[in-house]
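Good morning, colleagues. Please take a moment to look at the sequence and the model before we go through a few of its regions together.

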Amino acid sequence: MASRSRNPFRSGLPYSPSHGTNLMLADLYNLVKSVLFDREYFWHLAGLLAVGELVLGTLIIQKIPYTKIDWPAYMQQVGMFLGGERDYSRIDGETGPLVYPALHLYIYTAFNRLLPSPDSVRPAQYIFLIFYVVTFLLVAKIYHLAGRPSAPNSTAKHYPQALLIPLTLSKRAHSIFLLRLFNDPIAMLFFYASVVVMMTGTKRGWRAGCVLFSLALGVKMNILLFVPALLVLLFQYRGVYGLLEGSAAIAAIQLLLPAPFFLSIANPRLTIAYFTSAFDLSRQFLYEWTVNWRFMDEELFLSRERAVLLLAGHFSVIMLFVAFQWSPVPGGTEAVVMRGLSKFSKAPIDFSALTSAHIPLTLFTANLIGMTFARSLHYQFHSWYFHQLPFLLYSGGAWGSPILGVALWGMIEWAWATFPSTVNSSIALLAGHIIILAGLFFNSNVGAQTNKVEVRSETMEKKVQ
């Protein structure tokens with residue numbers, strides 16, 4: 001009787017074709033699972049996705065027509081600046097007056113100088129493709145650093161590289177970067193760079209982070225939505241003196257950027273014109289472009305009462321997170337504030353008491369609160385938080401349910417992809433934001449290290465170089 005054949009690589013196990021196939025499928029499954037979720041393979045998948053985005057972005061630029069929206073207006077505004085106009089309130093284009101800070105104007109002036117002509121859009125698209133990929137890599141770095149323990153004997157929640165996959169799937173994101181050439185992606189690129197250096201936890205990192213943060217603000221004022229969280233973080237990680245230093249650096253850069261051209265002691269009207277144009281918080285939005293409030297009529301949309309209620313809601317929710325979520329250490333916010341005020345030069349929380357995820361989680365949450373209570377969201381504003389959504393969902397916004405997380409991401413992405421916006425798409429967008437914020441408030445527990453590090457005693461010192 002012939003003996004049964006055996007797999008030479010698995011001694012002692014009966015071999016059959018079906019058994020071998022099952023083993024191969026099991027090995028393939030384990031490999032895919034490792035590539036998607038094991039930290040050691042994080043940059044393998046991130047690198048593959050970045051290369052894929054380069055290829056896809058090139059195809060989009062080559063095959064899909066550029067959409068003429070704000071680029072001509074940007075170039076017209078640059079033309080007036082190069083022509084000698086220094087009254088910011090008089091600089092305008094076909095879509096209206098210049099309502100962005102000075103660095104925006106300088107960046108698009110550089111485009112004007114570098115390109116063969118203001119109408120040479122194709123080269124600019126490839127520059128924006130570089131912006132797109134660099135932004136992706138910066139965001140990937142944030143996700144990777146978020147899973148890094150802040151102390152040798154502590155653990156941190158790993159943010160798997162699978163969370164990066166949704167960042168490559170958005171039709172709206174590719175459109176904003178590659179086909180519209182808006183300034184929003186440039187502001188966010190500076191912002192994500194600031195988060196990366198802040199997460200180093202050093203004094204130098206926080207100082208460089210504040211500089212980059214202010215440069216982001218110098219492109220577009222939506223960066224103001226992150227300010228409440230940044231102030232909290234500066235106080236926690238650097239104390240009162242660090243908070244004042246960081247705030248002063250941000251303010252100084254906002255004065256230095258426009259100073260050579262638009263600020264004048266001899267003619268204060270130029271200074272007033274700059275700040276009232278570049279940081280116009282009373283600016284009215286057009287109902288026809290709203291993505292988030294289509295379910296209400298235009299009269300209510302434009303009403304002052306609604307604007308006041310939204311501002312009050314924004315402030316109230318921020319304060320709830322400040323009081324109950326953004327100091328996830330023993331004693332909470334009260335203990336942190338008391339220790340911070342007792343010694344201005346010392347940080348009230350030990351660096352090792354918080355995970356690296358605390359920094360982006362706090363900043364991203366503040367931004368989502370601002371977008372939830374925004375008087376209006378336009379389609380390009382999608383880039384303000386698109387890269388942050390998987391992070392927020394994984395941090396508690398999905399209430400611990402992967403299925404709900406996928407559903408919320410899909411619902412929000414569908415709302416942004418619907419053009420023009422509808423009653424249903426606006427309701428879906430607002431509902432998605434509210435569900436995520438509630439999840440972050442009631443379920444977020446990734447801020448503190450799991451080794452039960454205590455809040456500083458009077459003799460503890462923050463050890464940063």
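This is a predicted model: local features need pLDDT of at least 70, side-chain atom pairs count only at pLDDT 80 or more; totals for chains, interfaces and linings use all residues.

Together with Y241, L244, L341 and F344, V337 makes a nonpolar surface patch of about 480 Å². Helix 9 (227-256) and helix 14 (332-342) are the elements that give two or more residues to this patch.

Let me turn to helix 3. Helix 3 covers residues 71-82, which is 12 residues. From its first C-alpha to its last, helix 3 reaches 16 Å, close to the 16 Å expected at 1.5 Å a residue. Its buried residues are W71, P72, A73, Y74, M75, Q77, V78 and F81. They pack against several elements, including strand 1 (92-93), strand 2 (96-97), helix 4 (102-114) and helix 5 (121-146). After helix 3 comes G84, with a positive phi near 110°.

S376 counts as buried because its relative accessibility is 3%. Leaving aside residues up to four places away in sequence, S376 touches F285, T290, N292, W293, F301 and F381. With one of these, T290, there is a polar contact between side chains, at 3.1 Å. P166, by contrast, is 210 residues from S376 in sequence and 25 Å from it in space, C-alpha to C-alpha.

Thank you for your attention.

Note on methods:
Residues are numbered from 1 along each chain as its sequence is written. Side-chain values use heavy atoms; hydrogens and water are left out. Buried means under 20% relative accessible area, exposed over 50%, partly exposed in between (1.4 Å probe, protein chains only). Contact means heavy atoms within 4.5 Å. A polar contact is a pair of N or O atoms within 3.5 Å; within protein, one must be able to donate a hydrogen and the other to accept it, and residues adjacent in sequence count only if both atoms are side-chain atoms. Helices (H or I, at least four residues) and strands (E, at least two) are DSSP runs, numbered from the N terminus. The expected span of a helix is 1.5 Å times one less than its number of residues. Patches are made of residues with over 30% relative accessible area and no salt bridge: like charges are joined within 9 Å, nonpolar side chains (Val, Leu, Ile, Met, Phe, Trp, Tyr) within 5 Å. Accessible areas come from the Shrake-Rupley method with a 1.4 Å probe; for residues, only the protein chains shown count as cover. A salt bridge is a side-chain nitrogen of Lys or Arg within 4 Å of a carboxyl oxygen of Asp or Glu.
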